[in-house]
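Here is a friendly note to read with the model open beside you. Take the points in order, and find each residue on screen as you go.

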Amino acid sequence: MNWEIFRVIVEAIGGLAVIISLLYLAKQMRENRLLAIAESQRAVMSTYIEIQASFKNTPSSIADFRNGLNRYETLDPDSQARFTQLMWPLINHGEMVYEMHKTGLMGSMSCERFMAGLVGMITTEGGAKWWEIMRVMIGPEYVAALEHTRDTSEQTYKLTDMWHFYNSDSLDLK
């Protein structure tokens with residue numbers, strides 16, 4: 001057997017092995033990316049459930065939230081602070097979802113759903129007043145994205161119109 005032919009065969013086999021290895025690596029990277037996306041989405045939903053549980057575990061927080069959505073600027077400072085403490089985790093969570101969406105770790109539908117919910121809060125009478133004050137403390141790109149959604153979406157709704165138990169008619173105005 002000619003050594004030249006043997007060398008060509010060995011190089012061809014080596015090249016084929018490299019191609020197979022690269023294909024396997026690409027498959028593994030895709031699977032790891034899908035696992036990272038799934039884990040990210042699970043973590044986001046888990047965090048959101050924890051935020052919602054904080055409302056459930058503190059019944060007065062529902063009243064604070066409802067009051068803030070409807071009449072933030074007329075609330076006393078303690079009530080404004082409680083409303084702000086309820087809004088910040090939601091805003092921060094939404095920003096996290098937005099950033100994860102930009103990097104491909106969150107799907108478009110999930111991001112749009114969170115954005116729509118936040119827009120629903122910042123378009124209420126009280127939520128809009130709160131947003132005017134607080135928006136400067138939030139990342140400018142996220143603020144722009146929320147406001148773009150608010151200003152251009154055909155499906156924008158006020159949370160107080162969508163869910164009757166948050167509207168001003170449900171306030172205890174003693």
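1. A word on the source comes first. This is a predicted model, where local features need pLDDT of at least 70 and side-chain atom pairs count only at pLDDT 80 or more, while totals for chains, interfaces and linings use all residues. Residues are numbered from 1 along each chain as its sequence is written, and side-chain values use heavy atoms, with hydrogens and water left out.

2. Which residues have the most contacts inside the largest nonpolar core? They are F65, I91, M121, W130, W131 and Y142, in a core of 32 residues. A nonpolar core here is a set of buried Ala, Val, Leu, Ile, Met, Phe, Trp, Tyr and Cys residues joined through side-chain atoms within 4.5 Å. Buried means under 20% relative accessible area, exposed over 50%, and partly exposed in between, with a 1.4 Å probe and protein chains only. Two or more core residues come from each of α1 (3–57), α2 (59–71), α3 (77–102), α4 (108–122), α5 (125–134) and α6 (140–152). The largest share, nine residues, belongs to α3. Helices (H or I, at least four residues) and strands (E, at least two) are DSSP runs, numbered from the N terminus.

3. Now look at W130. Once neighbours within four places in sequence are set aside, W130 is in contact with Y72, F83, T84, M87, W88 and I91. Contact means heavy atoms within 4.5 Å.

4. Next, find α3 and α4, which pack at an angle of about 150° with their axes 9 Å apart. That makes α3 roughly antiparallel to α4. Axes are lines fitted to C-alpha atoms, for helices over the stretch in contact, and angles run from 0 to 180 degrees between N-to-C directions. Angles under 35 degrees count as roughly parallel, over 145 as roughly antiparallel, 65 to 115 as roughly perpendicular and the rest as oblique. On the α3 side the contact includes M87, L90 and I91, and on the α4 side F114, M115 and L118 are among the residues. By class, the residues of this contact are ten nonpolar, five polar and no charged. Here Ala, Val, Leu, Ile, Met, Phe, Trp, Tyr, Cys and Pro count as nonpolar, Asp, Glu, Lys and Arg as charged, and the others, Gly among them, as polar.

5. H93 sits in helix α3. Is H93 buried or exposed? It counts as buried, at 4% relative accessibility. Apart from neighbours within four places in sequence, H93 is in contact with V44, T47, Y48, I51 and F114. H93 and F114 are 21 residues apart in sequence, and their C-alpha atoms are 8.6 Å apart in space.

6. Two other pairs are worth a look. The axes of α1 and α2 come within 4 Å and cross at roughly 105°, which makes α1 roughly perpendicular to α2. S54, F55, K56 and N57 of α1 meet P59, S61, I62 and F65 of α2. For α2 and α5, the angle is about 80° and the axes are 3 Å apart, so these helices are also roughly perpendicular to each other.

7. Finally, compare two residues. P140, in helix α6, counts as exposed at 70% relative accessibility. Y157, in the loop between α6 and α7 (159–162), is partly exposed, with a relative accessible area of 26%.
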